[in-house]
Amino acid sequence: MSTQNRDHFLTNRTAGMACFSAGVLGAALSVYKVFVNPSVPETQWSYPLDSTAYTVVQVWFAVQHVALLLGLMALQRTGALGRGSLARIGHRVAVVSMAGFAVTELACIAAAAAPTDSPVVNLLGAAYGVFSLLLGAALMVTGAAVLREEFWQGWKRWIPLALGIWVYVPVLPALAVSFVGARFAIAGWMLLFAALGWVLMRDAGEPLRRSTATQRGRRPTTLVRPLRHNKQ
């Protein structure tokens, strides 16, 4: 194994581990916020946490989104997206949107004690909304590319598309009507990211195996597709 290939394998595997861990912990924290005893009134932006606890949680959310971002970047390196221009655009928008989420999570710390109807909170809410819409659409485009490419097989090929659809149903509707429902919807979304991380960890060496097989003059067995018999 060359140094370049070994680095590629380790990079994808590390990104997968980060994405998986962030997804599992993010889901747990979302559910935790449902059952924690409120320290502030519902009219405060940091609800149900006080400003100190909210700051800690938001720093974690920023780190979490960086870990999810690593998973999205590793998805592109697997080759599952193919080389289509639309897939590349969708992936780039997804990466930028996830980075925007990370920055917004940190920006929210400054408004921890602000009332929910304040201008700064409205601005932060708008940022969340824009990044959510962009990320959901970008992930659906990316997911469609994964399905079309057929590089991944079985249940895992549906994960990127499911990540995009989940933003629109149920996350955004739940955010609009229910604090509790939104937390569970986000928890489900995080578990989908955990599934993506799991796949990236297990398949980190797939591009290397395919490349090695190609160099040896063999067609990788994972790329073999059923032959279509010509009609007589």
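Me: Pro170 has its place in helix α5. A cis peptide bond joins which residue to Pro170, and what is omega?
Reply: The model is predicted. Within it, Pro170 belongs to helix α5, and the partner in the cis peptide bond is Val169. For this bond, omega is about 20 degrees.

Me: Where is the place of Pro48?
Reply: Pro48 is joined to Tyr47 by a cis peptide bond. Omega for Tyr47 and Pro48 is about 5 degrees. The place of Pro48 is in the loop between α1 and α2.

Me: How many helices and how many strands does the chain have?
Reply: From the N terminus on, the elements run α-α-α-α-α-α-α. The count for the chain is 7 helices and 0 strands.

Me: What share of the contacts between residues at least 6 apart in sequence join residues at least 24 apart?
Reply: The chain has 232 residues, of which 44% are buried. Taking contacts between residues at least 6 apart in sequence, the share that joins residues at least 24 apart is 73%.

Me: At what angle do the axes of α4 and α5 cross?
Reply: Two packed helices are described by the angle between their axes and by the distance between the axes. Helix α4 covers residues 119–149 and helix α5 covers residues 159–177, and their axes come within 5 Å. The crossing of α4 past α5 is left-handed. The angle is roughly 145 degrees.

Me: By class, how many residues in the contact of α4 with α5 are nonpolar, polar and charged?
Reply: On the α4 side the contact includes Leu133, Gly136, Met140 and Leu147. On the α5 side, Leu161, Gly164, Tyr168 and Leu172 are among the residues taking part. By class the contact has 14 nonpolar, 4 polar and no charged residues.

Me: Is Leu147 buried or exposed?
Reply: Leu147 lies in helix α4. Leaving aside neighbours within four places in sequence, Leu147 is in contact with Arg157, Trp158 and Leu161. The C-alpha atoms of Leu147 and Ala80 are 8.6 Å from each other, although the two residues are 67 apart along the chain. The relative accessible area of Leu147 is 16%, so Leu147 is buried.

Me: Why does Glu150 count as partly exposed?
Reply: Glu150 is in the loop between α4 and α5. Glu150 is not a glycine, yet has a positive phi of about 60 degrees. Glu150 counts as partly exposed because its relative accessibility is 34%.

Me: Which residues does His65 touch, not counting those up to four places away in sequence?
Reply: His65 is part of helix α2. With a relative accessible area of 7%, His65 is buried. Not counting residues up to four places away in sequence, the residues touched by His65 are Met98, Phe101, Ala102 and Glu105.

Me: What is the volume of the largest pocket?
Reply: The lining of the largest pocket takes at least two residues from each of α1, α2, α3, α4, α5 and α6. By class, this lining has 18 nonpolar, 9 polar and 4 charged residues. The volume of the largest pocket is about 980 Å³.

Me: Which residues of the lining are the closest to the centre of the largest pocket?
Reply: The largest pocket is lined by 31 residues. Of these, the closest to its centre are Trp45, Tyr128, Leu175, Arg183 and Ile186.

Methods:
Residues are numbered from 1 along each chain as its sequence is written. This is a predicted model: local features need pLDDT of at least 70, side-chain atom pairs count only at pLDDT 80 or more; totals for chains, interfaces and linings use all residues. Side-chain values use heavy atoms; hydrogens and water are left out. Axes are lines fitted to C-alpha atoms, for helices over the stretch in contact, and angles run from 0 to 180 degrees between N-to-C directions. Helices (H or I, at least four residues) and strands (E, at least two) are DSSP runs, numbered from the N terminus. A crossing is left-handed if the near helix is turned anticlockwise from the far one by less than a right angle, and right-handed if clockwise. Contact means heavy atoms within 4.5 Å. Ala, Val, Leu, Ile, Met, Phe, Trp, Tyr, Cys and Pro count as nonpolar, Asp, Glu, Lys and Arg as charged, and the others, Gly among them, as polar. On a 1 Å grid over the protein atoms alone, a cavity is a set of points where a 1.4 Å probe fits but cannot get out, and a pocket is an open set with protein on both sides within 12 Å along at least five of seven lines; lining residues have an atom within 4 Å of a point. Grid points are joined across faces, edges and corners, and a volume is the space filled by probe spheres set on the points. Buried means under 20% relative accessible area, exposed over 50%, partly exposed in between (1.4 Å probe, protein chains only).
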